[in-house]
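The sequence and structure are shown first.

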Amino acid sequence: MGASNESRGALVVFEGLDRSGKTSQCGKLLSYLEGLGHSVELWRFPDRTTSVGQMISAYLTNKSQLDDHTIHLLFSANRWEKRLTMEAKLKAGTTLIVDRYSYSGVAFSSAKGLDFEWCKAPENGLIAPDLVVYLDIPPEKAADRGGYGGERYEQLEFQKKVAQHYKLLEDSSWKMIDASQCIEDVEKQVEEIVLEHVVTCQKGKPLSSLWS
Ligand code: FDM
């Protein structure tokens with residue numbers, strides 16, 4: 001996909017159950033990398049600011065009902081509409097920290113009972129992350145942290161199914177981090193592993209596509 005030896009930013013994705021600490025860790029990592037002088041941006045999916053994102057948001061907050069396949073494709077479309085910008089930013093040397101990506105797409109929809117391979121198909125051709133940080137936490141422990149906000153998927157029984165489906169997606173780009181640890185320990189491990197990948201991408205690791 002990209003020519004090698006061109007310095008570029010890294011695509012770092014955070015995945016994990018609700019209340020696993022993704023959003024806090026993404027924010028901390030942003031400050032850390034900025035402090036080191038890197039060009040870095042924080043993204044999240046769903047991106048609720050686009051018109052597709054607004055349909056997704058209405059669904060998640062139970063203001064609209066959609067067929068499971070339809071919402072799955074909207075989540076995917078929401079990533080596709082950002083793909084070109086994502087590639088341009090990475091090539092311009094900006095590291096992107098992304099709170100949820102295709103793995104959430106597949107794990108959540110297949111947890112509802114949709115076919116796993118069908119769920120993966122629309123993600124084919126999106127940019128593959130250089131690193132997926134999976135914040136691993138037992139669903140019961142995540143639920144104990146409280147603060148499920150009442151959106152559609154924030155229920156313990158469903159989160160247990162999501163956890164099982166996430167694990168089917170693990171590949172060599174994944175780094176599992178025990179998210180039951182204190183926030184500072186998680187932060188330190190995240191910083192170390194991400195920095196390693198940022199340096200590899202600066203040295204010109206080529207971009208690649210999901211799911212190859
Ligand atoms: N979610 C998120 C999906 O079901 N599919 C997707 O492709 C993505 C990116 O949307 F419950 C689910 C996961 C979560 C919800 O996520 C909204 P945030 O992180 O709470 O905004």
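**The pocket**

A pocket is defined on a 1 Å grid over the protein atoms alone as an open set of points with protein on both sides within 12 Å along at least five of seven lines. A molecule sits in a pocket if more than half of its atoms lie within 2 Å of its grid points. Here, the largest pocket is the space taken by the ligand.

This is a predicted model, in which local features need pLDDT of at least 70 and side-chain atom pairs count only at pLDDT 80 or more, while totals for chains, interfaces and linings use all residues. Residues are numbered from 1 along each chain as its sequence is written, and side-chain values use heavy atoms, with hydrogens and water left out.

**The shell around the ligand**

There are 13 residues around the ligand, and R48, F75, R79, R100 and G105 come nearest. By class, six are nonpolar, two polar and five charged. Helices α3 (68-80) and α5 (102-111) each supply at least two residues of this shell; α5 gives the largest share, three residues.

A polar contact is a pair of N or O atoms within 3.5 Å. For R44, a side-chain N or O atom is 3.2 Å from a ligand oxygen atom. Taken alone the ligand exposes 480 Å², of which the protein buries 93%.

**Residue T95**

T95 belongs to strand β3 (residues 95-99). A polar atom of the T95 side chain lies 3.1 Å from the backbone nitrogen of A10.

Methods
A residue is near a molecule or strand if one of its heavy atoms lies within 4 Å of it. A polar contact is a pair of N or O atoms within 3.5 Å; within protein, one must be able to donate a hydrogen and the other to accept it, and residues adjacent in sequence count only if both atoms are side-chain atoms. Accessible areas come from the Shrake-Rupley method with a 1.4 Å probe; for residues, only the protein chains shown count as cover. On a 1 Å grid over the protein atoms alone, a cavity is a set of points where a 1.4 Å probe fits but cannot get out, and a pocket is an open set with protein on both sides within 12 Å along at least five of seven lines; lining residues have an atom within 4 Å of a point. Helices (H or I, at least four residues) and strands (E, at least two) are DSSP runs, numbered from the N terminus. Ala, Val, Leu, Ile, Met, Phe, Trp, Tyr, Cys and Pro count as nonpolar, Asp, Glu, Lys and Arg as charged, and the others, Gly among them, as polar.
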